[in-house]
Amino acid sequence: MAVETPGVRTCEEEREDSDARVIARSRDEPEQFAALFDRYADAVHRYVARRIGPETAEDLMAETFTTAFQRRHTYDLSRADARPWLFGIATNLMSRHRRAEARRFKALAKVPAPVQHEEPVADRAVAAVGAAAVHQELAAALAKLSARHRDVVLLVAWGDLNYQEAGQALGVPIGTVRSRLNRARSRLRQALGGSDPTAFREADAHA
């Protein structure tokens with residue numbers, strides 16, 4: 001039988017650690033916070049890059065984790081999953097880039113859709129669409145959404161958060177998330193001639 005060294009965590013235990021436990025330990029052992037970066041840096045980077053472009057994404061992703069590290073003592077440890085918290089920080093930081101984001105979508109609206117995609121992008125879930133492949137009409141429609149509506153629709157579509165998690169990220173009730181999302185989807189459908197580009201995970205709406 002293998003003898004475990006006291007104080008040394010096994011790989012299996014590390015994998016089973018919730019984000020909350022990692023953050024709790026990092027309050028006394030700051031180096032532990034690196035585990036959170038390893039878990040979510042790529043996801044945060046992808047989300048930010050889709051919204052404001054790859055040029056700024058690296059810096060904003062790093063700032064997201066720097067801010068999270070500085071605020072780790074205020075994290076609600078009853079929430080095992082830190083993704084909504086991290087995406088909320090990233091979204092707040094992006095508020096300084098609203099104009100750049102709107103310009104990005106307006107620019108994408110002028111770029112023809114790739115020829116190799118036979119089916120209209122509007123018929124696919126936004127979650128499966130990379131920023132470079134966003135259809136002209138969809139990009140233009142996203143550019144016209146208000147910041148609060150764009151935040152909630154893209155947290156769900158590109159951040160892969162459910163309604164409850166999106167509410168946690170934005171600091172609003174789930175009812176507000178539903179309301180904003182319904183309005184955003186309605187406006188996107190109108191802009192796209194009735195097509196609904198946001199095939200969200202409806203099961204999550206009842207989480």
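**Figure 1. Buried residues of helix α9 in the predicted model.** In α9, the residues Tyr163, Glu165, Ala166, Gly167 and Ala169 are buried. The structure shown is a predicted model. Beyond the end of α9 comes Gly171, which has a positive phi near 70°.

Figure 2. Asn162 belongs to the loop that joins α8 (147-157) to α9 (163-170). What does Asn162 do at the N-terminal end of α9? Asn162 caps that end, with a side-chain oxygen placed 3.1 Å from the backbone nitrogen of Gln164. Asn162 counts as buried because its relative accessible area is 13%, and the limit for burial is under 20%. The C-alpha atoms of Asn162 and Ile174 are 9.8 Å apart in space, and the two residues are 12 residues apart in sequence. Asp160 is also found in the loop between α8 and α9. The phi of Asp160 is positive, near 60°, although the residue is not a glycine. With a relative accessible area of 41%, Asp160 is partly exposed.

Figure 3. Thr91 is part of helix α5, which covers residues 83-93. Is Thr91 buried or exposed? Thr91 is buried, since its relative accessible area is 1% and burial requires a value under 20%. When residues up to four places away in sequence are set aside, Thr91 touches Tyr47, Arg51, Arg98, Asp151, Leu155 and Leu170. One of these partners, Arg51, is the subject of the next view.

**Figure 4. Arg51 and its contacts.** Arg51 lies in helix α3, residues 34-52. The relative accessible area of Arg51 is 0%, and the residue is therefore buried. A polar contact of 2.7 Å links the side chain of Arg51 to the side chain of Tyr47. Not counting residues up to four places away in sequence, the residues touched by Arg51 are Thr91, Met94, Arg98, Glu101, Arg104, Phe105, Arg150, Asp151, Leu154 and Trp158. Among them is Glu101, which is shown in the following view.

**Figure 5. Glu101 in helix α6.** Helix α6, residues 98-108, contains Glu101. Glu101 is buried, with a relative accessible area of 1%. Which residues are in contact with Glu101, apart from its neighbours within four places in sequence? They are Arg51, Ile52, Arg150 and Leu154. Glu101 and Val48 are separated by 53 residues in sequence, while the distance between their C-alpha atoms is 9.9 Å.

**Figure 6. Packing of α3 against α5.** The axes of α3 and α5 are 10 Å apart, and the helices pack at an angle of about 40°. The crossing of α3 and α5 is right-handed. On the α3 side, the contact involves Leu36, Tyr40, Ala43, Val44, Tyr47, Val48 and Arg51. These α3 residues meet Arg83, Trp85, Leu86, Phe87, Ala90 and Thr91 of α5.

**Figure 7. Packing of α4 against α5.** Helix α4 (residues 54-70) and α5 cross at roughly 120°, and their axes come within 9 Å. At this angle α4 and α5 are therefore oblique to each other. The crossing in which α4 passes α5 is right-handed. Leu60, Glu63, Thr64, Phe65, Thr67 and Ala68 of α4 meet Trp85, Leu86, Ile89, Ala90 and Leu93 of α5.

**Figure 8. The chain as the setting for the close-up views.** The chain has 10 helices and zero strands, in the order α-α-α-α-α-α-α-α-α-α from the N terminus. Of its 207 residues, 44% count as buried. Among the contacts in the chain with a separation of 6 or more, 69% join residues 24 or more positions apart. The accessible surface of the chain is about 11000 Å², and carbon and sulfur atoms account for 50% of that surface.

Note on methods:
Residues numbered from 1 in each chain as written. Predicted model: local features only at pLDDT ≥ 70, side-chain atom pairs only at ≥ 80, totals over all residues. Heavy atoms only, no water. Helix = DSSP H or I, 4+ residues; strand = E, 2+ residues; numbered from the N terminus. Buried < 20%, exposed > 50% of the residue type's maximum accessible area, 1.4 Å probe, protein only. Contact = heavy atoms within 4.5 Å. Areas by Shrake-Rupley, 256 points an atom, 1.4 Å probe, with all protein chains shown as cover. Polar contact = N/O pair within 3.5 Å; in protein donor to acceptor, adjacent residues only side chain to side chain. Axes fitted to C-alpha atoms, helices over the stretch in contact; angles between N-to-C directions. Left-handed = near helix turned anticlockwise from the far one by under 90°. Parallel < 35°, antiparallel > 145°, perpendicular 65-115°, else oblique.
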